[in-house]
Amino acid sequence: MIIVVSLCHVNKSLSDHVRDLCSHTSFVFSVRYARDWRYHKDERLWLTRAPGVEPQLKTSSYERGTYYFFDCSTWRKVAKEFLLEYDKLEDKPTLQPVSAQ
């Protein structure tokens, strides 16, 4: 038996859903960024400095210290020592106003 699931609500086009998803994703990204979480592009995960713990080493291009990584499989923060290269972090998001069509 084959079940076909519609990706769109009857009153919305696929482009409307994609735009809504992108707006939501940008908003979530902005909230995480405001709470000092950063997205690591190579590791493909969210991380933040462990509160109250200063980096052991800090240069203009990287720092080494204790960071919390968000583990999606357990839905927990996991602390670990890490060498963080700043150029591997996603840039600060900019929220674009959603235009009504």
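Among the contacts (heavy atoms within 4.5 Å) in the protein chain between residues at least 6 apart in sequence, 36% join residues at least 24 apart. The model is predicted, and local features need pLDDT of at least 70, side-chain atom pairs count only at pLDDT 80 or more, while totals for chains, interfaces and linings use all residues. Residues are numbered from 1 along each chain as its sequence is written, and side-chain values use heavy atoms, with hydrogens and water left out.

**The whole chain.** Show the protein chain as a cartoon and follow it from the N terminus, where the elements run α-β-β-β-β-β, that is, 1 helix and 5 strands; these are DSSP runs numbered from the N terminus, with helices as H or I of at least four residues and strands as E of at least two. Switching to a surface display brings up an accessible area of about 8100 Å², of which 56% belongs to carbon and sulfur atoms, as given by the Shrake-Rupley method with a 1.4 Å probe. Of the 101 residues, 21% count as buried, where buried means under 20% relative accessible area, exposed over 50% and partly exposed in between, with a 1.4 Å probe and protein chains only.

**The nonpolar core.** Next select Leu47, Tyr67, Phe69, Phe82, Leu84 and Leu89, the 6 residues of the largest nonpolar core, to which β4 and β5 each give two or more residues. Such a core is a set of buried Ala, Val, Leu, Ile, Met, Phe, Trp, Tyr and Cys residues joined through side-chain atoms within 4.5 Å. In soluble globular proteins, nonpolar side chains tend to be buried together. Centre the view on Phe82, whose contacts, leaving aside residues up to four places away in sequence, include Leu47, Tyr67 and Phe69 as well as Glu43 and Glu63.

**Glu63.** Beyond four places in sequence, Glu63 touches Arg49, Pro55, Leu57, Lys58, Phe82, Leu83, Leu84 and Tyr86. A distance drawn between the C-alpha atoms of Glu63 and Leu84 comes to 5.3 Å, although 21 residues separate the two in sequence.

**The loop between β1 and β2.** Glu43, in this loop, counts as partly exposed because its relative accessibility is 41%, and its C-alpha atom is separated by 8.7 Å from that of Lys88, 45 residues apart along the chain. Arg44 is found in this loop too, and its phi is near 60 degrees, a positive value in a residue other than glycine. Most residues other than glycine have a negative phi. Arg44 is exposed, with a relative accessible area of 65%.

**The loop between β4 and β5.** Select Trp75 here; this residue has a positive phi of about 60 degrees without being a glycine, and it counts as exposed at 65% relative accessibility.

**The largest pocket.** Finish at the largest pocket, with a volume of about 290 Å³, and select Asp36, Arg38, Leu47, Thr48 and Arg49, the closest to its centre of the 14 lining residues. On a 1 Å grid over the protein atoms alone, a pocket is an open set of points where a 1.4 Å probe fits, with protein on both sides within 12 Å along at least five of seven lines, and lining residues have an atom within 4 Å of a point. The elements giving two or more residues to this lining are β2 (45-49), β4 (62-71) and β5 (76-85).

Definitions and conventions. Grid points are joined across faces, edges and corners, and a volume is the space filled by probe spheres set on the points.
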